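Please look over the following comments with the model open beside them. They are arranged as numbered points and begin at the contact between two chains.

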Amino acid sequence: MELKAIVVTGRSLAQGRAKEKKFTEEYRQAVAICEVDPDDLASLGIQAGQNVRLANSKGSIVLKAVKSSQAPHRGIVFVAYGPWINVLTDSDSDGTGMPTLKGIEAEVEPAPGEEVQDLRGLLRKNLMGR
Amino acid sequence: MNDELIIRNGIVVDPANDIDREVMDIAIRGGKIVRKASPSAKIIDASGMLVMPGGVDIHSHIAGSKTNAARVMRPEDHVRDFERKTALTRSGVGHSIPSTFTTGYRYARMGYTTVIEPATPPMKTRHTHEELNDIPIIDKACFPLFGNNWHVMEYLEKGDVDGCAAYIAWMLRSTKGYAIKIVNPGGVEAWHWGGNIRGLDWEVPNFGITPREIIRGLCKVNKILKLPHTIHVHPNNLGKPGNYLNTIKTMDCVKDLAEEGRAAIHITHCQFTSFKGEDWSTLRSGAEEIANYVNKVKHVTIDMGQIIFTATTTMTADGPFEYILHQLQGRKWHNTDVEAETGAGIVPVVYKRKNFVNTTQWAIGLELALLVKDPWRIYMTTDHPNAGPFTAYPRVISWLMSKKARENTMKRLNQGAVKKSNLPSLDREYSFAEMATVTRAATARALGLKDKGHLGIGADADVSIYGVNPKEVDPSNDYRAVRKAMRRAAYTIKEGEIVVRDGEIVKVIEGKTFWADARVPDDMEMKLQSELSEKFQDYYTIQAENYVIAEDYLARSAPIIPGGTR
Amino acid sequence: MKILSDELVIKNVVCPFCGCCCDDLEITVSKNSIVSAKNACALSQAKFGSQKEERISTPRERIDGKPLETNYEKAIRHSARILAEARYPLLWGWSCTSCEAQKIGVELAEEVGGVIDNTTSTCHGPGLLAVHDIGESSCTLGEVRHRADLIIYWGCNPVHAHPRHMRRYSVQSEGRFRKGRKERKMIVVDVRNTATAKMADEFIQIEPNSDYEALTAIRMCLKGEELEQEKIAGLPSTRFEQLMDELINCDYGVIFFGLGLTMSRGKSRNIDAALSLVRDLNSKTKFLIMPMRGHFNVAGANEVFAWQTGYPFAIDFSQGYPQYNPGDTSGVDIAARGDCDAALVIASDPISNFPLDAAKNLSSIPIMTIDPHETVTTSVSEVVMPSTMVGIEDEGTVYRMDGVPLMLKKLIEPPEGVLPDTEILSAILKEVRALNRGR
Amino acid sequence: MTKITLKPKRQFSVPIEASVITPENFAAKTMEQIKLLEVWDGNRPTTLGSLFDVSSEPDGGDEMTIFIEGDVSKLRRIGKGMRSGSMTINGPAGMHLGEAMKGGTITVNGDAGSWLGARMRGGTIEVSGDAGDYVGSAYRGSREGMKGGQIFIHGNAGNELGCWMKKGFIRIGKNVSQLAGIHMTDGTILVEGDSEARIGAQMKGGRIVVLGKVANVLPSFSIEEIRNVVRAGEERLPGPFYVFAGDLTEGGEGRLYALKEKNPHLQFCEAYIE
């Protein structure tokens, strides 16, 4: 199953609390997750806590799917600001200085057996290409 | 090092000391004017040049939250007028809302050495001081706004003038403010609900007090605290046709409070409150009526608020006025209401020569300056940037000193308005002494700055020297020569340091910030503190401790002790 | 201030986390560490807690590509050399430090002929672009507390991002003319049913990227025009007629807006529509609008930049005077185009916060980073200089989201030998000056 | 007159301020003087000659002509305020090309950056490829957008094309991104391809013609009529077109023309035609 979704990024309490300690597991748990509408979880055929892959023309990234507490918002997945979701965001600012960080189109699919990368792994892969 | 300086053979105009175009030497030591300097003193040859005290601007919006909000709202104002970094000076932008460094440089280049920011929201005055700290060379001070302050209105409504005095003293100390500013008394509080106050005896919503009572009360407070300046008033109805009557009532309402021969109230940018007529189409000048009143009494001083024909920015604590201006002109509009205290509005304007209203306004400012007989009670301002940028002062001076200059300008204005104005019939032309009075001597005296605005022994060595010979030049005909000289001082000397030479900055020093260290007897102070501890948190979203600005926050603090030494 | 070893309670402390700058915190300090923070929200608690976590202990500089421990003197000289040689350096961050540091930053940017930009360009910058066109009807937060009977949160989630905003300044606060929650109506407009939306009297859920249409629909109703489209922003057009009635029938309304407007499709024009709506509403009733500024001193960065240069962010000094054009002179665009050849980063983590392509370009040029904590950016920096945490280990001026200036306090001593941003920046400036004179 | 040719000596890395490159600045100058004209390589003032091989040859025309051969995508403000003559850029051109241009012609064989023809007053700009955002726009905070002249873009154009446009003609061969014609007060925009959302947003006046699909029409536009022929610049374009009045939140003096056959999703509007 696959879901055409709109990704909304933003501040979450957990992300805000952990943003001064980026290399901790606490930060990864706060930022490397995506909040999915329960019905969308069902249609993807996965349980909360399982991993999903988000992909668009910019790139692709594995995150842990959790049940959204802010539902209903079918077709919208929420991911806290951070280096994981920025693999998918677009630096084109439309001439305003502001990249497009909300309302990003992406495809979501179950990623059984795929790992959520830790931050150092993510950097190695995306910045150093290793 | 030798800090001595002799300005030799200058032609000195120093009205405060009755010196009118006398060739003499001025000696300077330790930043002060002294009787004599040693032979080793540095010499400035000022032969054939005009020597005056440094300029003192009594009303110019150069710093603080609303000035900065205007900068943010108007990139298009700055983009064509910028200054590059040099080895000595910082870069910046102009035109009507210059950045802080540029503000200091441009005043100094014109020979100005003291400038007053006339409206600071007390709660945001830490911001005002941050900007004043960043304005180089010139000395500064700021006037906190009190005309719509909740504590003030409540004390005065109860008739507790002493309580109000204790509060104002605490506020001046806490914000490092210099004088009591009143803007549209009660009207700004009404505006916080979308309303306004249109008369001296209207009641302020929810406060059971009138503008008259606010102005009288603060005038009494000013006396109790012996503050160096009078109350500084922007009346109700500013910018409204017919408002001149309210302006006269406002001046008259404190007549009985005046001490013999001393001013009790200053009406600022009087041009904007000297309108006759029922509406914009029937607008006439009320300058004659205003001037007749001022000439008749002793307790009033005013400044011009002279219109300049250019694109500029209006900014005032008079929120309702700016909203009306926005509706009239459809230009962009900024508004900020400040809790329990005041507000601010900002609208860009263009004063157009061919515009009936603008031409009438231009005439009113000059009529006031020419019809008020005593130059010690009328001061030159453009209410920068409301009526025009301060950089236009040399042009205003040429209009004051030359009928020909006025006529040449009038040719290009709205003739309908010119015909209805009596400016063409006014022949008065300011002498150099009068010009020096309205730009320096009188403003310093009105502000109670004893060491400013004159060149007597012991005065601050703030001196401006211009490349024009006041004995030879005839300003009436050759006003262009005077204007040119005034734009770029040959020398500006600040506290004995040469900061400008040939119109260019040659040294950057830090100016002082004056504030009134006002105090009341201990019992009054204790009563105030208990009242504040009750009310402050109910009124404000910040703590009293965080409201107070420490003296070391000012780059160069210069407290003035009201009524002299304590 | 000398910190005693026994317990000490410091009152009226200003919080160095979000734009609320709550100034009523009571911090208890013992043996030079913070043991409790009374009145602090969850975010604030975490910030004070982070004082001991993932701190950078000593400066680092890369020698032959390897990050090695060094001292400040070497790190500062290394940074100054790169900045002085750079032809288009970017000086990025500034929103989580004091105005005192920001001032030195502007002077440094001028001296090196670089571009200085603060994180405004990636938070409420689009709002400022709209202010350039429309202006803004706003107020200090106490005005809302005293007077507002209608409060709208649009595209923001204060429960998560500004936890004490509602209690101190808006719906739940007690003011002179409004006695708390029951005397106010709260409306939330968002694409999700957020924790904030759940507290509202009315929640208006719109489709993503349709804020501009929603605001335009309300403006249409205000003008008395008929809405021809049946559905707008995913809602029946009649909903906007109702909403307009609620707006004009309040005595004192305010809109607080967040990044839901600035970051989604339309960006600055979403704010343009919101500012225009509020402006027009003032012909019917009193109405104001305020951005929910995020970092505790991003508003201060705008103020300092504006009074020193005329412009609030994205300032290009490359030709010796301030030039301003976000989209051209703004951080993300410069990084994405690969225009800059060196970067100074302070109190920010662009490698983490920028879209990947921009982050990649940045990480390919020498970055000098000043920060108290290890960040993604420090891990790829040429030079890393640890700094004190302003508001905890150092004092300084900040501006609340409504432009009210406040003083951060020094509560405890910084880690041994760690310098404040102001000293590090001054030292770099001094070094760059010397190099430029030598040139 | 003469034909001057500029060839970049190297691949440029940082932005280059090149507003001196106009026919006026080159006219009546020797090659040596032209080579000494000041440009900024990032924050370093340098000379045109240090960045470009400059050559000249006489040509028959009576106007000064400039040819730029190569990638000048890092150059800012080429042709700023130019009044006459012609300039041809064979390669990608940078931002602010033809800013405040008053006359003459600029031809780009390649793409052009953002702010193309911003504050333009007269003359002609033609771009064979795509253009960026804010084509023909005003400076931040100003209401003075493009006031005259014409811009032809054969490819696509970005956001906020014609922002605060006051007069003149912009023609887009392919598609425009969102918010084309934002705040425009007069002048004409012709889009031969499709338009993204929010076209004509807050327009007070002027005309926008779209020959392709209009992603959506704002709620602040109202259908007026269906017209068979629409004039744009010199051309008479065959319809039928839906004609919308807008932006009604700003007075609604502007007109948006959308080709009927390409916009079936707008059919619902026909119900509102009196």
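1. B:His334 has C:Glu136, in strand 8 of chain C, as its bridge partner. The strands concerned, strand 18 of chain B and strand 8 (residues 135-139) of chain C, run parallel and are joined by 5 bridges; strands are taken as DSSP runs of E of at least two residues, helices as runs of H or I of at least four residues, both numbered from the N terminus, and two strands pair if DSSP finds at least two bridges between them.

2. The model is a predicted one, in which local features need pLDDT of at least 70 and side-chain atom pairs count only at pLDDT 80 or more, while totals for chains, interfaces and linings use all residues. Residues are numbered from 1 along each chain as its sequence is written, and chains are lettered from A and ligands numbered from 1 in the order in which they are written.

3. In the interface as a whole, 44 residues of chain B are in contact with 49 residues of chain C (C-beta atoms, placed from the backbone, within 7 Å). Among the elements of chain B that give two or more residues to this side are helix 1 (65-73), helix 3 (100-109), helix 4 and helix 19 (544-547). Strand 18 of chain B gives the most, with 6 residues.

4. Turning to the interior of chain B, 9 of the 9 residues of strand 9 (residues 112-120) are buried, so this strand is largely enclosed by the rest of the structure; buried here requires 20 or more other C-beta atoms within 10 Å of the residue's own, with C-beta atoms placed from the backbone.

5. Strand 9 of chain B runs parallel to strand 6 (residues 55-57) of chain B, with 3 bridges between them, and B:Val56 has B:Thr114 as its bridge partner there. Strand 9 of chain B is also joined by 5 bridges to strand 10 (residues 139-144) of chain B, again in parallel, where B:Val115 has B:Lys140 as its bridge partner.

6. Strand 9, helix 4 (residues 125-133) and strand 10 of chain B make a right-handed β-α-β unit, meaning that, with the strands pointing away from the viewer, the path from the first strand over the helix to the second runs clockwise.

7. In chain C, 3 strands form an open antiparallel sheet in the order 1-2-3. Strand 1 (8-13) and strand 3 (33-38) of chain C stand at the edges with a single partner strand each, so one side of each is left without a neighbour in the sheet. Strand 1 of chain C pairs with strand 2 (residues 25-30) of chain C over 4 bridges, and C:Ile10 stands opposite C:Ile27.

Definitions and conventions
A residue is buried if 20 or more other C-beta atoms lie within 10 Å of its own, exposed if 12 or fewer, and partly exposed in between; C-beta atoms are placed from the backbone. Two residues are in contact if their C-beta atoms, placed from the backbone, lie within 7 Å.
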